[in-house]
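Dear colleague,

Please find below the structure I am handing over to you.

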Amino acid sequence: MHPIYFNFSLLLGLLILSVPSLRTQSSTLLSEQHRTIEGLVKRLDSVRLSPSAQESAARGVLQRLIPTHFHSFDFEIVSKDVCGGNSCFLIENHNSRSRNGPEIVIKGTTGVEIASGLHWYLKYACDAHISWDKTGGIQIASIPRPGHLPRLASDRILIRRPVPWNYYQNVVTSSYSYAWWEWKRWEKEIDWMALQGVNLPLAFTGQEAIWQKVFMAFNITKEDLDDFFGGPAFLAWARMGNLHRWGGPLSQNWLDNQLLLQKRILSRMLELGMTPVLPSFSGNVPAALTKIYPSANITRLGDWNTVGGNPRWCCTYLLNPSDPLFIDIGEAFIKQQIEEYGDVTDIYNCDTFNENTPPTSDTEYISSLGAAVYKAMSKGDKDAVWLMQGWLFYSDAGFWKPPQMKALLHSVPFGRMIVLDLFAEVKPIWNTSSHFFGTPYIWCMLHNFGGNIEMYGTLDSISSGPVDARLSRNSTMVGVGMCMEGIEQNPIVYELMSEMAFREKKIRVQEWLKTYTRRRYGKANNRTEAAWEILYHTVYNCTDGIADHNTDFIVKLPDWNPSIRERDESEEKSDSDTLLALHGTRRRFLIQDSNSNLPRAHLWYSNEEVVEALRIFLQAGDDLSGSFTYRYDLTDLMRQVLSKLANQVYIDAVTAFRERNTENLKRFSEKFLDLIKDIDVLLASNDNFLLGTWLASAKKLAVNHNEREQYEWNARTQVTMWYDTKDANQSKLHDYANKYWSGLLEDYYLPRAETYFGFLVNSLLEKKQRLELELESWRRGWIAISNEWQRSSKLYPVTARGETLAISKRLFRKYFA
C-alpha cells in the first residue's frame, strides 16, 4: 500500500552508474540536467509563501472538506531534510488523543503535501472517497466521528514523491470544462488539486486582459482585438491561433472579471505551495499588426476546419520567432504578467508549433525558432523554463522526425525546457526518442477528448507506465501529469493516475480496485466488486491504441450517404474521408469497416459482458441507492450500455435501408429514437447529466441582455455544431465536444435522428430505381434546425427529476431482459 521511499536527487546519478557507455559521453549531460532541475526546484522552493501561510491554506481545505473534523487534525510544514531531500508527507498519531482536540498529525513539505497526506489518511484509514461533484462528489460517511479516528498501527507513514512534479490540465481544458466557472467552482477545483497532490497546475484564466494591455502598447486597438479574441467558449483555440473572432467579441466586463478571477486563482495556488504555469507568447498576433509593422515577418496560416476557408474566422497570423518583434512582444507579455501577479513562477507554457507546422524541416531553422521562443521568455524572466506540450510529436509525426525533434528540444539550454509526453498512456514518445533526447519530461495521461462523456480507460497502462519510464535507462522523467481535454468524467481513472505521483512501485490494479469500490460507496459490497471486476477487464482495459473520442451514433450521427455501396469508387472514398477526417488524425474519429463500408463507432470490448456487469451492479441498488456515488455510476453505466446498443441498432437500420426493407427500417429507426428518449429520461434523473446546468452557468456571468445571448449561444454551439456552417455544409468539428446530457438528447439529437431516418424512409417509399439519400437536402434541413436551436433561449432544468434506480431497472428489463 505504501511505496518504497525514493530520493529523486539520486536518480540521474544512479542511471549514469548503471550504463558504462554513458560514463564518458552522457554523464556530463545527465549531471548538467540534474543540477539544472535541482536548481530550479530549489529556486521555486525558496519563493514559496511562509510555512504558516501554507498551513493555514491546508486547514482551509480541511474546513471545506470535512468541517466536523476541523480540530481532529494538526498540520505542520517541515523541511525537505526530514524527507531525505524530497517532497513528502508524514502521517502520525497525535500524542494526546482527545475528543475535542487533534488525533492525527499530518506534516508535509508544502501545503499541497499536507493536503495529499490528509487525502491519503482519509482514503486508506477511513475508507473515504473524493471525486468531482459532477462524478458523485465525496463519500465521507465512513469517517468515524471526531474523537474516534483510526490510529496508525505504526509510528508513522512517510510517503515521498518519486519525481518532483504532478502536472495538471491541457491547454483546451479551460474551454471545454472551465469556460463558465466563477470563484466558488475554482476554489473547489484547487482543493481537489491539492488533495490529489497537484503542484504544477496550468493557470490560463484571464490572459486576454494581459494581451489587451500588451497589444495596445504596440498600437493595436480594441476594435482590432475584437477581431482577434474568440468567444468565451472558444478562447483556447483563439489562443493557439486556430481561429479568430468566432463567438466573440469579448466585452470589457469579461476581460476585467476574468483578470480578477485569475488573481484569486493564483493567490490560492501560491498559498498551498503550488507552482502555477503561466502562458507565454507563441507568435499568434492580430491581423492589424501586419499593417502597423509591414516589414515584420508575419505568415498567414492555413484553414483550420472552417467551412470553405471562411476568412472571417480562419487563417490567423503567426509572427515568426526569428523576427525581432517576436522577442519584443514576448518579453512585454511576461513582464506584464509579473506586473499584474508578481513574480509567482519561472515556468511558462508555449506551443507555437502545435498544429502549426514550420515552413521547412531544416534543422538549423527549427533550432533558431526554438531559441527565439526561449529568448522572448528569458528576457521577460531570466530564470524562465519553457514547458511545451509534446502533442506535435504524435499528431504531426511525419514532420517531426528525430533530427527535427532534437533540433527543437536542444534549441534552449539544458534544463530550460520541460516536455509534456502528453499521450503517454497510449502513445508514449519517451521510449522512441531517447527520453526526448535528454530533455526533462513529464509522463502524462491525456485520456479524454472534447470533454466527451464515455466510460473509457487504460488502467493497466496508467498503473505501470510512469514507473517503467522513470526506472528505464537514461530516464529524464521529472513528473507525472493529467492532461485531459475535459474533466468531470471517469473518476476511477483520475484517482488512480493521481496516486502515481506518490507511487514508487507499480500498482496491482485488481487489488487496488477492491479498496476503490469500498471507498467509493462507503461500504464493501460483493456485487459492486464483481461488476467492477468486469469493467476493469472491458471498459477500462482499452489496448487497441486508438485515441478514444466518443463517436456513438446518438451524439455523432454519421453525415454520410448510406447508399454509398451503389456509388462509384471515387465518390465512396470522398464520403468515407468526410466521415473519418478530424485534425488529420483519422483513427481518432470513426473506424471504417472495410468489408461492409458501414461506419463503426469505437468499441474495444464486448458489450454483452458490460451488460452483465450492469445486471450485477443493479442488484446492489437496494443496499446502495442512498449513495450519490453509486447513483452516478449507475447512471453512467446504464447510459454506456444503451448507447452501445443504439450503435448496433443504427447499423441494423442502415442495413435495412440498403436491402430496401421498409418495414425493418421503420422498426429499427423507431428503436433508435426510443433509445434516445429513454436515455434522456435516465440522465434527467441525475443532477450531473443536465444541459441546463451548463447553460445556466454561462448566462450567470452576463451583466446585460447582449452578453446573456452571446454566452448562451457560445455554450450551445460548443457542445453541438462547434464551429461554422453553411446552408448545406457543416464544419468537420461538428459534435466534437458532444455530451450525453438530458435536454440535449431530447431537443437536439432526437430531432436530428428523426429527420435523418425520415429521409431514409421517404427514399424507399418513393421507390426510385436508384437507391439514394438526398444528402444535401438532409444537410440543409438539419443545419437549419441546428442553427435555430443554437440561437434559442429555451430554459432547461437544473435539478434532477425521477428516481435513477427505478428508471434503470425498467430500462434494463425493456432492453436486456
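**Pockets, a kinked helix and a sheet**

By class, the lining of the second largest pocket comprises 12 nonpolar, 12 polar and seven charged residues. Please bear in mind that this is a predicted model.

The volume of this second largest pocket is about 540 Å³. It is lined by 31 residues, of which Val-41, Asp-45, Lys-80, Gly-85 and Ser-87 are the closest to its centre. Two helices, α3 (27-46) and α4 (51-65), each contribute at least two residues to the lining of the second largest pocket. Of these, α3 provides the largest share, with six residues.

The largest share, five residues, is supplied by α27. Sorted by class, the lining of the largest pocket holds 15 nonpolar, 12 polar and 12 charged residues.

Turning to the helix, α29 covers residues 744-765, 22 residues in total. From its first C-alpha to its last, α29 reaches 30 Å, close to the 32 Å expected at 1.5 Å a residue. Where in α29 does a kink lie? The kink is at Leu-750, shortly before the proline Pro-751, and amounts to about 30°. Just after α29, Lys-767 adopts a positive phi of about 55°.

Finally, the sheet is an open one, formed by eight strands with parallel pairing. The strand order is β8-β7-β17-β16-β15-β14-β13-β9. Which strands are at the edges? They are β8 (200-201) and β9 (278-279), each of which pairs on one side only. Strand β7, residues 165-168, runs parallel to β8 and is joined to β8 by two bridges. Within this pairing, Tyr-168 has Pro-201 of β8 as its bridge partner.

With kind regards

Conventions
Residues numbered from 1 in each chain as written. Predicted model: local features only at pLDDT ≥ 70, side-chain atom pairs only at ≥ 80, totals over all residues. Heavy atoms only, no water. Helix = DSSP H or I, 4+ residues; strand = E, 2+ residues; numbered from the N terminus. Nonpolar A, V, L, I, M, F, W, Y, C, P; charged D, E, K, R; others polar. 1 Å grid on protein atoms, 1.4 Å probe; cavity = no way out; pocket = protein on both sides within 12 Å on 5 of 7 lines; lining within 4 Å. Points joined across faces, edges and corners; volume = space filled by probe spheres on them. Expected span 1.5 Å × (residues − 1). Bend = angle between axes of the 7 residues up to and from the residue. Pairing = 2+ DSSP bridges.
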